[in-house]
Amino acid sequence: MNYLYIANWKMNLSYSQSLDFCTNNIDQLNALVYSAQVVLCPSFVALGPIAQVLKKSSITIGAQNCSEFESGSYTGEVSAASLAEIGVSYCIVGHSERRIYFGETTEKIIKKINLLYANAMMPIICIGENKEEFLQKKTIHALTEQLEPILKTFVHQQYKHIIIAYEPFWAIGTGIIPENTYLEEISIWLKNYVAEFAPDCTMQLLYGGSINEKNIHQLKTIKLIDGFLIGGASTNFETFCGIIKIG
Ligand code: PGA
């Protein structure tokens with residue numbers, strides 16, 4: 001199976017570091033796509049130049065965010081249309097860091113999803129429970145609350161494919177990942193929930209949160225997971241390659 005690997009560089013790589021990552025490793029990056037689908041998500045300023053560097057490759061690029069507005073007087077925002085114009089194919093929405101630090105609500109996420117689809121880009125929709133919800137065994141409740149309004153939009157708009165990144169908040173950047181049995185249980189629930197709610201929709205389920213070269217083998221034994229959203233470990237080329245190659 002060809003996994004989908006999303007490298008979320010967040011604000012960890014600067015403009016020049018992001019560009020160096022691609023220019024220094026272009027041949028190896030190209031070789032990776034025979035066995036995997038790879039999406040690099042640098043910060044906004046690096047998207048255009050990286051799109052140029054990767055123009056002839058099969059590596060795709062994704063944004064880490066987009067505006068919930070189509071266009072207009074929204075200082076500091078970047079529209080989905082602009083992202084499409086420079087060759088962006090994917091965009092992360094609903095990441096827990098955006099929910100926690102920037103007030104990204106489900107309402108805003110849905111507006112972004114609609115604008116991304118309108119501009120022929122795929123949203124990578126992040127959902128996950130926080131530590132308290134996890135400890136109180138309220139994960140399914142938290143995921144249902146986040147997902148239900150989004151799936152209603154998918155059904156209403158007749159979107160045909162959904163990418164969901166399940167990222168427990170407590171696993172992001174902590175070095176801790178859930179037990180396989182827990183991840184299996186959540187994956188089964190998520191796949192069934194989407195299949196029942198939006199039967200016409202195909203789905204790719206990603207896992208994200210503290211993925212590294214040591215735990216990826218274990219994560220790849222979970223059959224329902226179709227790919228991975230990788231933060232810290234994707235900023236080092238050797239480590240990122242290692243994660244893709246182990247399996
Ligand atoms: P991490 O980040 O791999 O550094 O935990 C994952 C993410 O935030 O998507």
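View 1. Q158 sits in the loop that runs between α8 (139-157) and β6. Helices (H or I, at least four residues) and strands (E, at least two) are DSSP runs, numbered from the N terminus. The model is predicted: local features need pLDDT of at least 70, side-chain atom pairs count only at pLDDT 80 or more, and totals for chains, interfaces and linings use all residues. Residues are numbered from 1 along each chain as its sequence is written, and side-chain values use heavy atoms, with hydrogens and water left out. A120 lies in the loop between α6 (106-118) and β5. With a relative accessible area of 69%, A120 is exposed.

**View 2. The barrel of eight strands.** The strands close in the order β1-β2-β3-β4-β5-β6-β7-β8, with parallel pairing. On average, neighbouring strands of this sheet are turned by 25° against each other, direction ignored. Axes are lines fitted to C-alpha atoms, for helices over the stretch in contact; angles run from 0 to 180 degrees between N-to-C directions. Two strands count as paired if DSSP finds at least two bridges between them. Strands of a sheet pair through backbone hydrogen bonds, either parallel or antiparallel.

**View 3. Strand β5 and its partners β4 and β6.** Strand β4 (residues 90-93) runs parallel to β5, joined by four bridges. V93 stands opposite I125 in β5. Strand β5 (residues 122-127) also pairs with strand β6 (residues 161-166), in the parallel sense and over four bridges. I124 has I163 of β6 as its bridge partner. I127 faces Y166 in β6. Six of the six residues of β5 are buried, so the strand is largely enclosed by the rest of the structure. In a regular strand the side chains alternate between the two faces of the sheet. In β5 both faces are covered: M122, I124 and C126 are buried on one side, and P123, I125 and I127 on the other.

**View 4. Strand β7 beside β6, with helix α9 across the sheet.** Six bridges join β6 to β7, and the two run parallel. I163 has Q204 as its bridge partner in β7. Six of the seven residues of β7 are buried, so this strand is largely enclosed by the rest of the structure. Helix α9 (residues 180-197) lies across β5, β6 and β7 (202-208). The helix runs at about 155° to β7.

**View 5. I150 in helix α8.** I150 has 0% relative accessibility and therefore counts as buried. I150 touches T106, I109, I110, I113 and I125, not counting residues up to four places away in sequence. Contact means heavy atoms within 4.5 Å. I150 and E107 are 43 residues apart in sequence, but 8.8 Å apart in space, C-alpha to C-alpha.

**View 6. Helix α11 and its surroundings.** Seven of the nine residues of helix α11 (residues 237-245) are buried, so the helix is largely enclosed by the rest of the structure. The buried residues are F237, T239, F240, C241, G242, I243 and I244. They pack against β1 (3-8), α1 (15-24), α2 (26-32), β2 (36-41), α10 (216-219) and β8 (227-230).

**View 7. The largest pocket.** Its volume is about 380 Å³. Of the 14 lining residues, K10, M11, Q64, R98 and F102 are the closest to its centre. On a 1 Å grid over the protein atoms alone, a pocket is an open set of points where a 1.4 Å probe fits, with protein on both sides within 12 Å along at least five of seven lines; lining residues have an atom within 4 Å of a point. Grid points are joined across faces, edges and corners, and a volume is the space filled by probe spheres set on the points. Helix α5 (residues 96-102) gives the most to the lining, with four residues. By class, the lining has six nonpolar, five polar and three charged residues. Ala, Val, Leu, Ile, Met, Phe, Trp, Tyr, Cys and Pro count as nonpolar, Asp, Glu, Lys and Arg as charged, and the others, Gly among them, as polar.

**View 8. The second largest pocket.** About 210 Å³ of space lies here. The second largest pocket has 16 lining residues, with K10, G173, S210, G231 and G232 nearest its centre. Its lining has five nonpolar, nine polar and two charged residues.

Methods
Buried means under 20% relative accessible area, exposed over 50%, partly exposed in between (1.4 Å probe, protein chains only).
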